[in-house]
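Reader: I have not looked at this structure before. Please take me through it by way of a few questions.

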Number of protein chains: 2
Amino acid sequence: MATQKSIADKLGLSISLVSRVLSGKAKEIGVAEETIKKVLDEAKRTNYTPNSAALSLRGVKTHTLGVITYDFEDPYFGIILGELHKIAKQRKFTLILAGSYQRDEDTLDLSAFAKHNIEGLIIVGSDRKKDWYENFNQKSIPSVQIGFTTDKIGANICLDESLSANLIASYLHKQKTESATLFFNHSLSHETFKTQHIKALTENGINILEDVICDGSISSVKSGIKQLKQLPDVIIAGDDIMATKIIRSLHELNIKVPEDVKVFGFDNISHARNFIPSLTTLNPPIKEMIQTAFDLVSSPSISKETLRFTPELISRESA
Amino acid sequence: MATQKSIADKLGLSISLVSRVLSGKAKEIGVAEETIKKVLDEAKRTNYTPNSAALSLRGVKTHTLGVITYDFEDPYFGIILGELHKIAKQRKFTLILAGSYQRDEDTLDLSAFAKHNIEGLIIVGSDRKKDWYENFNQKSIPSVQIGFTTDKIGANICLDESLSANLIASYLHKQKTESATLFFNHSLSHETFKTQHIKALTENGINILEDVICDGSISSVKSGIKQLKQLPDVIIAGDDIMATKIIRSLHELNIKVPEDVKVFGFDNISHARNFIPSLTTLNPPIKEMIQTAFDLVSSPSISKETLRFTPELISRESA
DNA sequence: CTGTTAGCGCATTCAA
DNA sequence: TTGAATGCGCTAACAG
């Protein structure tokens with residue numbers, strides 16, 4: 001591997017001179033044009049890459065961001081990661097899968113942070129209180145969470161929950177919908193939205209028949225459907241995947257969507273358009289959200305603000 | 001931050017002694033029990049974490065693996081990453097998103113490799129010839145690819161394509177299927193399987209009516225369906241997502257699945273069970289594959305073998 | 001059983 | 001305009 005020393009030796013110069021040239025401080029300090037050129041040429045010829053271990057040991061910025069997530073199976077995770085990676089590449093950042101805090105464990109492995117000198121943290125997904133907050137907070141690393149949280153440790157990017165609920169409620173209102181049933185799970189994002197849905201639906205004169213809580217499994221959804229006392233005009237699901245399972249359960253019980261019941265989703269997963277019936281849902285401006293998240297976390301002076309984004313209603317067959 | 005020096009100073013010991021204890025070589029060398037305890041206690045108290053920049057500068061193993069992918073939108077990507085991360089955590093490895101080689105660019109950003117001293121590379125997804133091979137190969141880093149490739153640079157984990165095709169063909173044969181139409185795209189994995197499908201179907205006396213090539217878009221699938229000269233007994237799709245789009249297109253044309261045509265998928269995406277009709281497909285043993293991949297890439301003596309796994313046929317409604 | 005020293009690759013201060 | 005020396009945190013060879 002080419003090092004500054006190998007270049008210096010070859011050219012009969014001192015290491016410090018080579019260092020100045022290579023770190024771009026040559027002009028500023030006043031190095032001879034010719035010397036600069038020699039060093040640069042030799043560096044190129046030998047394929048010199050600065051050793052980041054040495055840099056980071058010296059306290060130079062590592063341009064490394066940590067990504068942690070709650071749920072690798074989130075249908076959006078791949079897309080979010082792809083977007084993050086695209087921006088990271090442009091800006092010469094490296095992304096590290098710094099850890100995850102799974103449902104069952106409540107811990108986060110922070111060793112990767114220390115190990116690679118992470119400069120910022122991007123949290124993908126919604127969550128509640130973070131037990132690892134304390135450890136983490138010791139090293140004041142800027143962070144952004146993409147999703148809802150009850151325990152903000154840095155900046156926060158999320159959807160405007162009130163606006164989202166209003167979008168849906170007024171859409172349903174225009175369709176002369178009179179009654180609704182809610183299907184949500186216990187996740188924070190579901191609960192956040194549910195509160196807003198109840199408010200918005202009520203304001204739009206839509207009667208909430210029932211409020212079903214179920215985990216995401218198809219069996220739990222199906223039994224939720226079976227136990228319905230009355231079929232509403234519309235079922236509002238916490239997300240598209242749940243909507244999908246609801247429609248599937250209804251199908252198995254021979255209830256037609258949207259003829260007998262309408263179903264409203266949330267997320268606009270890639271699949272939503274091809275489902276039968278295609279899903280009416282809310283489409284979050286993912287790219288803008290990610291872009292903003294990256295800007296926030298990589299900016300030198302990060303604020304702890306919460307930025308809310310507005311989704312777009314996609315009207316399709318299911319509602 | 002706690003360093004060995006800070007511990008040594010506090011305890012009035014030498015740095016090297018602290019180093020020996022902390023790197024677990026104390027016993028071996030013969031350090032006083034009491035000293036060991038003192039150091040360990042102080043390390044714990046001050047939350048000591050070894051600085052990896054320093055370690056890697058000294059040439060100590062970094063326990064860092066790079067992950068690159070072809071396609072972040074692959075529905076399996078999140079799951080694969082989750083599995084990889086779980087194993088990595090157990091074994092104290094760190095995962096870096098080392099780069100991606102997108103369809104449009106044909107390049108790989110290798111700076112992350114150099115930057116973090118990556119010890120192994122995991123390639124997620126199928127691909128063809130790698131143009132970055134040459135750069136990469138200079139530093140002989142062990143690598144594993146999970147997926148098909150024409151240009152093996154290390155170990156290779158994939159499905160047994162011949163066996164998979166036979167599984168499907170004999171299943172269809174038992175159902176008295178007589179004719180089939182193929183829907184595949186230009187990706188390597190599709191093409192690999194298609195060849196095997198043609199062979200296996202023919203051997204099972206199933207007549208291949210047409211062989212449609214289309215990119216994944218719903219419009220291209222739909223126009224492919226419209227242009228069909230004749231409706232076969234079964235349509236075999238390159239993957240579940242394509243199967244989904246095929247069924248959707250058939251639905252829009254008022255053709256019933258499986259009554260009028262059967263549709264066979266591939267992958268068993270999480271969605272397959274809830275689709276209407278639920279997808280009959282092949283389920284790859286993802287966890288075992290990932291586990292094996294990790295074992296291979298993190299083992300000191302990696303072989304360049306290709307390991308083939310057998311999927312399981314999941315019979316549901318669509319075929 | 002423990003301490004001293006050197007050096008990994010680099011940026012920087014001080015000196016020339 | 002250039003070079004020598006220092007130190008970031010750590011391990012290992014060598015010396016007590």
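Predicted model: local features only at pLDDT ≥ 70, side-chain atom pairs only at ≥ 80, totals over all residues.

Reader: Which strands are the edge strands of the open sheet in chain A?

Author: The open sheet of chain A has four strands in the order S7-S6-S8-S9, with parallel pairing. An edge strand here pairs on one side only. The edge strands are S7 (207–213) and S9 (262–264) of chain A.

Reader: Which residue is the bridge partner of Ile236(A) in S9(A)?

Author: Strand S8 of chain A covers residues 234–237 and pairs with S9(A) in the parallel sense over three bridges. In S9(A), the partner of Ile236(A) is Phe264(A).

Reader: How many degrees does the twist average from one strand to the next in chain B?

Author: Chain B has an open sheet of four strands in the order S7-S6-S8-S9, and the pairing is parallel. Its edge strands are S7 (207–213) and S9 (262–264) of chain B. From one strand to the next, the twist averages 20 degrees.

Reader: At what angle does helix H10 of chain B run to S6(B)?

Author: Helix H10 of chain B spans residues 188–203 and lies across S6, S7 and S8 of that chain. The angle is taken between N-to-C directions. For H10 and S6(B) the angle is about 175 degrees.

Reader: What share of the atoms of DNA strand C within 4 Å of the protein belongs to sugar and phosphate?

Author: There are 26 residues around DNA strand C, and among those that come nearest are Gln4(A), Tyr48(A) and Arg20(B). Of the atoms of DNA strand C that come within 4 Å of the protein, the sugar and phosphate share is 59%.

Reader: How far from a base nitrogen of DNA strand C does a polar side-chain atom of Arg58(B) lie?

Author: Contacts to DNA strand C include one at a phosphate oxygen, which is 3.0 Å from an N or O atom in the side chain of Lys25(A). Another involves the backbone: an N or O atom of Ala54(A) lies 3.4 Å from a base nitrogen of this DNA strand. For the polar side-chain atom of Arg58(B), the distance to a base nitrogen is 2.3 Å.

Reader: Which helix gives the most residues to the surface near DNA strand D?

Author: DNA strand D is surrounded by 27 residues. H2 (15–22) of chain A, H2 (15–22) of chain B and H5 (52–57) of chain B each supply at least two residues of the nearby surface. The most, four residues, comes from H2(B).

Reader: Which atom of DNA strand D is 3.3 Å from an N or O atom in the side chain of Arg20(B)?

Author: Thr35(A) has a side-chain N or O atom 2.9 Å from a phosphate oxygen of DNA strand D. For the side chain of Arg20(B), the atom at 3.3 Å is a base nitrogen.

Reader: How many charged residues does the surface near DNA strand D have?

Author: Of the atoms of DNA strand D within 4 Å of the protein, 62% belong to sugar or phosphate and the rest to bases. On the protein side, the surface has 11 nonpolar and 11 polar residues. Its charged residues number five.

Methods: Residues numbered from 1 in each chain as written. Chains lettered and ligands numbered in written order. Heavy atoms only, no water. Pairing = 2+ DSSP bridges. Near = heavy atom within 4 Å. Polar contact = N/O pair within 3.5 Å; in protein donor to acceptor, adjacent residues only side chain to side chain. Nonpolar A, V, L, I, M, F, W, Y, C, P; charged D, E, K, R; others polar. Axes fitted to C-alpha atoms, helices over the stretch in contact; angles between N-to-C directions. Contact = heavy atoms within 4.5 Å.
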